[in-house]
Amino acid sequence: MTNPLNPELAAELMRRVAVDQHARGVREGQDDVESDYEAMRAVDADNTAWLKTVVAEHGWPGHTLVGEEAANAAWLLIQHADRDLPFQLHGLQLLTAAVEAGEALPRHLAYLTDRCQVAQQRQQTYGTQYFDDNKGRFGPRPVVDPTRLDERRATMGLGPHAQYDAEIRARYGYPPTTSDGQSTSHPDAT
């Protein structure tokens, strides 16, 4: 990969995604800690406002403009712009065009597509978005045509949903699904 056309913008994206992840409890080289929801809201609001100015000036910050790592950071910031669905939907259009131009990763488009669909109370396409009711129930939000889910995921560079489900459950401390695909209760559920 060549150097990005705008290294300053790339550096700012990386700085912002580090703050985003820190608020979410991610610690490099250490065990993760509890998310700070108040900090997350503040960071997401600031990042959303800033990203709006970036896309107004530059369009989607893709691989050529900022490099692959910073383009990944841009995707994460739009993914976390949940309090501004109109902007997320605008970002979805920009990201779609960027993927078609080879400037962004299809898997990022899959995640943002699902995120926007769930926010609109629609079934998701790729099975990337999960719910946790804090009462021991955890699982994927409803999916369009589940029998073809893995086919759709493969077109976006995503692995089989069963593998993703196992990874997500392990990450958040939930037991795996049973052999019949049913979700089991969280061990702490009462």
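Let's start at Q121, which sits in the loop between helix α6 and strand β1. Helices (H or I, at least four residues) and strands (E, at least two) are DSSP runs, numbered from the N terminus. This is a predicted model, in which local features need pLDDT of at least 70 and side-chain atom pairs count only at pLDDT 80 or more, while totals for chains, interfaces and linings use all residues. Residues are numbered from 1 along each chain as its sequence is written, and side-chain values use heavy atoms, with hydrogens and water left out.

What is the phi of Q121? The value is near 65°, which is positive in a residue other than glycine. Most residues other than glycine have a negative phi. Q121 is also exposed, with a relative accessible area of 73%. Here exposed means over 50% relative accessible area, buried means under 20%, and partly exposed lies in between (1.4 Å probe, protein chains only).

N134 has a relative accessible area of 70%, so it counts as exposed.

## The chain as a whole

Now step back and look at the overall picture. The chain has eight helices and two strands, in the order α-α-α-α-α-α-β-β-α-α along the sequence. Its radius of gyration is 17 Å, close to the 16 Å that the globule rule gives for 190 residues, so the chain is as compact as a globular protein of that length. The radius is taken over C-alpha atoms, and the globule rule is 2.2 Å times the number of residues to the power 0.38. Along the principal axes, the C-alpha atoms fill a box of roughly 50 × 35 × 30 Å.

Of the 190 residues, 43% are buried. Contact means heavy atoms within 4.5 Å. Among contacts between residues at least 6 apart in sequence, 53% join residues at least 24 apart.

Which residues of helix α8 (residues 161–171) are buried? They are H161, Y164, D165, I168 and R169. These residues cover an arc of only 130° around the axis, which puts them on the same side of α8. The arc is that of the directions from the helix axis to the C-beta atoms. An α-helix has 3.6 residues a turn, so residues three or four places apart point the same way.

The buried residues of α8 pack against α6 (106–119), β1 (130–132), β2 (138–140) and α7 (149–155). On the other side of α8, A162, A170 and R171 are exposed. After the helix comes G173, with a positive phi near 75°.

E103 lies in the loop between α5 (85–100) and α6, and at 23% relative accessibility it counts as partly exposed. Leaving aside neighbours within four places in sequence, E103 is in contact with G62, H63, T64, L65 and A98. The C-alpha atoms of E103 and V66 are 9.9 Å apart, although the two residues are 37 places apart along the chain.

Not counting residues up to four places away in sequence, V143 touches Q123, Q124, T125, G127, L149 and R152. One of these, T125, is 18 residues away along the chain, with 5.8 Å between its C-alpha atom and that of V143.
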